[in-house]
Amino acid sequence: MADPGVQAPLHKNAKATRPRIDNFINSKRFKEVNLLNLLYPATTSADLTHWALPGGNGAWEKWTFSEIIKQQFTPTKVGTNFGPTWATHWFKVVLTLPEAWKGKQIRFRWDSGSEATLWSSDGRVLQGFSSANGDQFRTDYVITPNFDGSEETLTYYVEMASSRILGTTNGDEIDPPPTDKTFTLTRAEAAVFDTTVYKLTRDLEVLHQLSTELASDTIGYMALFTANQMVNHIIAGKEKEASDLADLYFSKSNGARAHNLAAIGNCHIDSAWLWTYSETKRKVARSFSSQLQLMDKYPEFIFVASQAQQWAWCKEFYPELFDRIKERVSQGRFLPVGGTWVEMDGNIPSGESFVRQFLHGQGFFEKELGVRCREFWLPDTFGYSPQIPGIMRHVGLNRFLTQKMSWSFVNKFPHHNFTWEGIDGSKVLAHFPPGDSYSMNCNVKEALHTEANLRDKGRASTSAFLFGYGDGGGGPTEDMIERARRLADADGCPRMQMTTPDALFSALEKEQHNFAVWRGELYLELHNGTYTSQAAMKRLCREAEFALRDAEFLLCMASAGGKGGDLLIRSLVELDAAWKKVMLNQFHDVLPGSGIEMIYPEATKLYHEAIAAADTVWKSSAITVLGDKSTSGRSLWDASIGSFFRSGDASQLLAFNTLQWPRRDVVTVPTSEGDPKDLNYALVAVPAFGFAVMEAAAPTNPVTLSEVNGSYILSNGLVRAVISSLGQLTSLAVGEDVDRDVFMTSDGQQLTGNRILLYDDQPLYWDAWDVMDYHLETETCINDATVSTPVSIKEHTALRCTLSWGCSVGRSSSLLQEISLSADSPYVAFKTSVNWTENRKLLKLGFNTSLKTTFATYDTQFGSLARPTVVNTSWDSARYEVCGHKYADLSESDWGLAVLNDSKYGWSGRDSTLTLTLLKSPKAPDANCDMGEHSFAYAVMPHAGPLFSSDVVQRSYEFNNPLKIMTANNVAPSPASMSWCAVVGAGVVLHTVKPAQDGSGDVILRVYESRGTRSNAQLQLMLPVKGVVECNGMEDPGKVVDFVAKVGGVSFLVKLTAYDIRAFRISF
């Protein structure tokens, strides 16, 4: 039955009634007689003057507001074009408000077809503007809700960005942006805003949505009849009666069992994507200030923002705005979420990088806001490591939110609420918003879809409903909140209530006993090309992670027990800045390689700065560790190894080992002043976590090289490899055990490895993001029949033998490779250079082995992951390109093959074949992605016994972290060797030795179990230790750990379960 006062339409023709309502609030054709023209009954144009800020992207950062307003502004007008792309234009806006507007709500309206920021005349950021991107419009600023006539002339400033909120192209969204785009200023005016008309438009909008989405339901008809009667009243001049009908309709509450939508305002801002870091800084100001404006009007409105880096940018560039935000934080209305420095990629960063994201992110929120986040908020990353639950538990979190799994291409993920169990057994509560978006608009269709799409009906009574413009920022709008108010408890829809993430997860925790358990990775069946695109980002990330690890280790040794003076304080500042640069570059569109071209020069610069800072800390720590005994007054270390040879004292050449395993490695030293072509090799032995004066050692397993029928046999007693003239591996075995040849089947069939493979790579849409399964149908082996430069001997010594060869690739690319075996090494190394000029091609490396196995094992954060190599299900089939870190392995029960690498992450394991993806060549959003020169290395390591009884984990660390050779001037270190730390026991990896973040002088040790089983080990420290406590990843102290004093140090027992992550805080 219709509500009182509602008359059903004369004719039962919903096909006419429903569009009638839509036309009445939206149609421009009938704007003279519908509500559109009534929203702004009076306007007056702004008086405009303009100044173009010199320079392009990022130039604005060099100017203060006070400097800008002193510049020479010249007259301009609506209809003028401004540009080019990434330029900044400032406007002085003078508004004259007529006295007749007293008692009215007055707004300033701006539309430049781009993003812009409104500033007060005294330099406060007031609000962001955006337009010309679909429905992502924000063009009104409320000057006053009730004009009192006291200020008839107002002055504002508008900072216009020559870019749009979601990409600045002339075509498709992900096309590379043009450099010469201009934007037309189409509106700059003051206007009266009719609040009664606005309420009616929102009432009619939601009623129309209800009637459309519930078209065959009685509730839909009630909404339709109410809206139709409202239109009749409005036409008759009875606006109050129309408004009352809407209020009555929305007062009818829902049933007691209605599903609850936890409406949470947010504005997911990509820290860089189709724009640069610099533009994101302004996006933060535009988005955050806009939300403060809404909070003034809507007391129920709650807004959340992730990424401490963006909050830090706000503090740095907009301190007055940051102070206003802090007031709302204290009220519980503007909340930090996620706890990380940025929303990083979920696959490629190391385990330690994950921990640092939380350590720095939570640290910022605690210091600046007094808040520690309780959830991991990562809505838009391209897959999720199986160790994330373990890392979350390590940093004190047990709540996880994302929505990206809804993008999977083949299989629909079976849960929206579940307990996620990581490889270490850690369990966290995971929630996927069933609306499959973080950019909801608070409309009826989205609300109904959220409930209908829920995969856990009857198990969960609450779902997240994340609303607000996202990706390019912006956040919620007035219209969204008005719709949410009407849907707070509307009959026929789930309840939509503003709430906090804490309240959402608290409600879900009460129902968690109903949820299923998902074990292992959350593999996104899409965007698997991001393991490869922008190869330099991957290489520099790996290099920076190891450089910072090494610098922190030596700093701890230099400063333990208060040694080193101000070295610790000074170095912590440098390392903090370095880590923040690395973490920023791990953002989920930068490190994965899915951003525009102009992002990457800056990202490269940041990586180089971080690596240089790590090197500075390393060298400063080395000086302190050994003591500067130089009689010449020079620093202990000289950057040139050649200086050692000038001094003529071989005892001063030192090798440092920052890993837990004693090493016997072949190293390279120059034989004359600085000539890199004149090299000599030495086999040196260095203790674990220590250094040694370099003394040449005789190899236990020297290298031999022979040529047989055009192929070359490399052997050293640990490994035997046969290389064909085409650069392919035709035989590989441990020692001389030719009966177990990786490339020879039991029936004598000859297989090969080191196959250079080229594939066509044309995704359906997401160019830099995707590798589609059909690429596998286009394989071409480049070195199967002929190569441009056949294999030849480059060098032949007992310590190292090297072969070289080269080939053309594709239309115009080329590859050069050196294949080396060193004395006492269990692997063959491949140093590769590629000049890459292809268009939408993939370059891979293939190993067709004789191993019979149903799974491959891949290195991952603080552990490993076994994935099927068989294709029994659609889930198996969809994993044709997967992520792995330092190694991947195919093994039978008692032997196998591992492939190590120094900078690659894309792998595929199918049946007995293992491939490593080397390069990709997409053309969007960066038309020049990966074009040019590349250098990388990988190695093949056959092993006896199963994977985790071999040395693969150890060798993968060593391959990525060569010994550091340094030269002392006029110094003979005493003792001649030193080992500060040792791990006695298999399976436990001491990955991290770092100074405590609080500058106390304590040292943090982080260990993990690497074999997937229970492992015990003694940690030995040759340091003046006074106390040991267990701690978490946030370095909060926990229970006291008993230790045993020994001569010069201490030891304590560590007991770990499979893939366990633990940390210990050492005091002196």
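Keep in mind that the model is predicted. On the secondary structure side, you're looking at 19 helices and 56 strands.

**Overall build**
- The C-alpha trace spans about 100 × 70 × 60 Å along the principal axes.
- As for burial, 63% of the 1068 residues count as buried.

**Surface and charge**
- The protein exposes about 38200 Å², and 50% of that comes from carbon and sulfur atoms.
- There are 121 negative side chains and 101 positive ones.
- The centres of those two charge sets sit 3 Å apart.

- As a general point, nonpolar side chains tend to be buried together in soluble globular proteins.
- Here, the largest nonpolar core has 242 residues, and Phe 288, Trp 311 and Phe 400 have the most contacts inside it.
- Helix α14, covering residues 535–559, gives the most to this core, with eleven residues.
- Another core lies apart from that one; it has 37 residues, including Ala 560, Val 993, Leu 1021 and Leu 1023.
- If you zoom in on Trp 311 and skip its neighbours within four places in sequence, its contacts include Phe 288, Phe 322, Phe 334, Phe 364 and Phe 365.
- Trp 311 also touches Ala 305, Ser 306 and Pro 336, along with Ile 325, Val 329, Leu 335 and Leu 369.

**Thr 450**
- Thr 450 belongs to helix α11, which runs over residues 444–453.
- Its relative accessible area is 0%, so Thr 450 is buried, the cut-off being under 20%.
- Leaving out residues up to four places away in sequence, Thr 450 touches Leu 261, Pro 434, Gly 435, Met 440, Ser 463, Ala 464 and Phe 465.

**Glu 239**
- Glu 239 is part of helix α5, residues 239–250.
- With 33% relative accessibility, Glu 239 counts as partly exposed, because that value falls between the 20% and 50% cut-offs.
- Not counting residues up to four places away in sequence, Glu 239 touches Thr 196, Leu 200 and Ile 234.
- Thr 85 is 154 residues from Glu 239 along the chain, and their C-alpha atoms are separated by 46 Å.

Notes
Residues numbered from 1 in each chain as written. Predicted model: local features only at pLDDT ≥ 70, side-chain atom pairs only at ≥ 80, totals over all residues. Heavy atoms only, no water. Helix = DSSP H or I, 4+ residues; strand = E, 2+ residues; numbered from the N terminus. Buried < 20%, exposed > 50% of the residue type's maximum accessible area, 1.4 Å probe, protein only. Areas by Shrake-Rupley, 256 points an atom, 1.4 Å probe, with all protein chains shown as cover. Lys, Arg positive; Asp, Glu negative; His and termini not counted. Charge placed at Lys NZ, Arg CZ, Asp CG, Glu CD. Contact = heavy atoms within 4.5 Å. Core = buried A, V, L, I, M, F, W, Y, C linked by side-chain atoms within 4.5 Å.
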